[in-house]
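Dear colleague,

I am passing on the structure we spoke about, and below it you will find notes on what turned up in it. Please read them with the model open beside you.

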Amino acid sequence: MDLLLRGTIVTPEATLENGWVAVSGGRIDATGQGPDAPAAARTIDHGDALILPGVVDGQTHATSAKGMAGIADTTRGALAGGVTTLVDMPYDNPLPLDRPERLAEKTAAIAEHAHADMALYGTATRETGTAEMRALIEGGVCAFKISSFESSPTRFPRIGADLMLDMMEVLADTDVPLGLHNEDQEIVRARMAAARAAGRDGIEAHAEARPMAAELAATAQFLALAQASGAHAHPVHLTGAEGFDQVAAFAGLGARVTGETCVHYLCLDAAADGARLGARMKVNPPIRAGRVEGLWRAIEAGQVAFTSSDHSSWPIDNKLTGSIFDAGAGVPGLQTLLPLFYTLAEARGLDAARLATEQLCTRPARFFGLDTKGAIAPGRDADFAVLEKGAFVFDEAGARDGLKWSPFHGDSFSVRVAATYLRGTPVWDGAEILNTPGSGRYVARGASGWFAEQGQIQ
């Protein structure tokens with residue numbers, strides 16, 4: 001073996017105390033327990049630390065601020081958070097990934113800049129329609145993403161129900177999901193205008209101007225089109241249990257539908273945290289009041305396909321505006337996703353190691369068809385996140401994502417990422433990034449699919 005790691009190994013079948021994992025050629029060769037392990041050129045003993053699969057973050061925005069060069073900073077932050085694979089959204093700056101030449105540009109940028117592996121969403125626009133979708137699938141995109149709300153007419157446009165249905169009809173005979181930013185544009189714009197006119201401001205005003213009704217209306221139409229077309233539809237950020245109830249209802253009608261939430265919705269509350277954090281917690285759809293408990297119940301009930309960071313690479317200056325309605329939406333999250341989710345799950349008395357592995361690694365890898373990722377099992381890539389237990393205060397000044405700010409600054413986590421490995425190579429030692437730009441690879445979608453393996457996921 002090239003490498004033997006020792007620690008508490010979280011495999012699909014069991015959590016192995018005094019366990020080991022053997023690596024050869026960048027892939028996992030075997031796992032076991034106790035002293036009898038294969039000989040290896042290098043052995044690293046992590047004591048009683050937990051060794052999880054490298055996290056697969058199913059929703060990131062690496063290029064929002066700096067364009068393709070932003071991949072470098074974003075993937076450094078990923079490795080410091082135990083994230084070894086990013087599934088990056090298609091809303092690149094300045095133009096979205098809606099055609100093969102832009103896919104080629106982004107994969108070339110990964111080869112030049114990335115410290116971690118990256119899989120990619122594609123999209124469609126009014127300019128391309130569905131004409132380029134098959135070519136993007138052949139190029140390895142793992143999913144498509146659209147929005148029912150227009151943040152930018154070029155980079156992040158609104159897609160109407162007509163093109164939405166056209167896209168679903170292209171995808172209906174595939175396992176490739178279609179994701180949606182799920183907010184009704186007419187409701188939101190009218191409520192925002194009314195709030196401004198009334199002089200209302202602040203994070204709670206932001207949440208009320210983008211009401212749950214807007215989210216549920218957009219989600220319901222999207223799921224209904226999936227029911228009609230047979231495509232796999234996936235709202236990418238459900239902010240309350242109501243959305244997962246919708247998904248369950250349409251699934252009961254035979255539709256291929258799933259839903260995702262993001263870790264900030266699992267802990268932040270507009271009423272409780274708004275005065276303290278203000279625009280630092282502004283995201284779209286918004287963090288609402290009184291939704292945290294319902295989302296955790298949905299996770300425990302198996303309704304949540306996976307949990308992501310929705311990491312945004314906007315600098316803090318983007319938040320420093322006179323009104324909450326002018327502040328940028330989005331928060332950094334790659335470096336805090338794993339320790340925060342683990343801490344929250346543990347505080348609820350759940351098996352945090354296994355739940356984090358399921359929600360942050362195994363499920364997103366299966367969802368996106370990343371066949372070599374997401375589990376500590378023979379044949380998979382030797383991607384690992386090593387968690388040291390204790391009490392660790394997160395300091396935004398130590399962030400490796402180039403942003404140096406976080407809504408979770410000053411929060412205490414019960415674990416920290418003490419080491420990260422990418423394909424058997426140490427890439428984070430708890431203090432420094434150890435690899436170079438271009439060490440990460442583009443990961444194309446494989447043959448597996450969510451519904452084909454649904455029995456295994458549940």
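**Helix packing, a loop proline and the cysteines**

Helix α11 passes helix α12 in a right-handed crossing, where right-handed means that the near helix is turned clockwise from the far one by less than a right angle, and left-handed that it is turned anticlockwise. Before going further, please note that this is a predicted model, in which local features need pLDDT of at least 70 and side-chain atom pairs count only at pLDDT 80 or more, while totals for chains, interfaces and linings use all residues. Residues are numbered from 1 along each chain as its sequence is written, and side-chain values use heavy atoms, with hydrogens and water left out.

Helices here are DSSP runs of H or I with at least four residues, and strands are runs of E with at least two, numbered from the N terminus. α11 (residues 337-347) and α12 (residues 352-367) pack at an angle of about 130°, with their axes 9 Å apart; the axes are lines fitted to C-alpha atoms, for helices over the stretch in contact, and angles run from 0 to 180 degrees between N-to-C directions. The two helices are therefore oblique to each other, given that angles under 35 degrees count as roughly parallel, over 145 as roughly antiparallel, 65 to 115 as roughly perpendicular and the rest as oblique.

In their contact (heavy atoms within 4.5 Å), Leu-337, Leu-338, Phe-341, Tyr-342, Ala-345 and Glu-346 of α11 meet Ala-352, Ala-353, Leu-355, Ala-356, Gln-359 and Leu-360 of α12. These residues divide into 10 nonpolar, 1 polar and 1 charged, where Ala, Val, Leu, Ile, Met, Phe, Trp, Tyr, Cys and Pro count as nonpolar, Asp, Glu, Lys and Arg as charged, and the others, Gly among them, as polar. α11 is largely enclosed by the rest of the structure, because 9 of its 11 residues are buried; buried means under 20% relative accessible area, exposed over 50%, and partly exposed in between, with a 1.4 Å probe and protein chains only. Just after α11, Gly-349 takes a positive phi of about 80°.

A second pair is formed by helix α7 (residues 212-229) and helix α8 (residues 241-252), which pack at an angle of about 15° with their axes 10 Å apart. That angle makes α7 roughly parallel to α8, and the crossing of these two helices is right-handed. The residues of their contact divide into 7 nonpolar, 4 polar and 1 charged. Glu-215 also lies in α7 and, at 1% relative accessibility, counts as buried; leaving out residues up to four places away in sequence, Glu-215 touches Asn-182, His-237, Leu-238, Thr-239, Gly-240, Pro-285 and Arg-288.

Pro-378 sits in the loop between α12 and β14 (384-393) and is exposed, with a relative accessible area of 55%. Beyond its neighbours within four places in sequence, Pro-378 is in contact with Ile-28, Asp-29 and Ala-30. Pro-378 and Ala-22 are 356 residues apart in sequence, yet 9.0 Å apart in space, C-alpha to C-alpha.

Finally, a search of the whole structure finds 0 disulfides, a disulfide being a pair of cysteine sulfur atoms within 2.5 Å. The sulfur of Cys-267 is 11 Å from the closest cysteine sulfur, in Cys-262, which is too far for a bond, and Cys-267 is partly exposed at 24% relative accessible area. For Cys-361, which is buried at 0%, the closest cysteine sulfur is 16 Å away in Cys-142, again too far for a bond.

With kind regards
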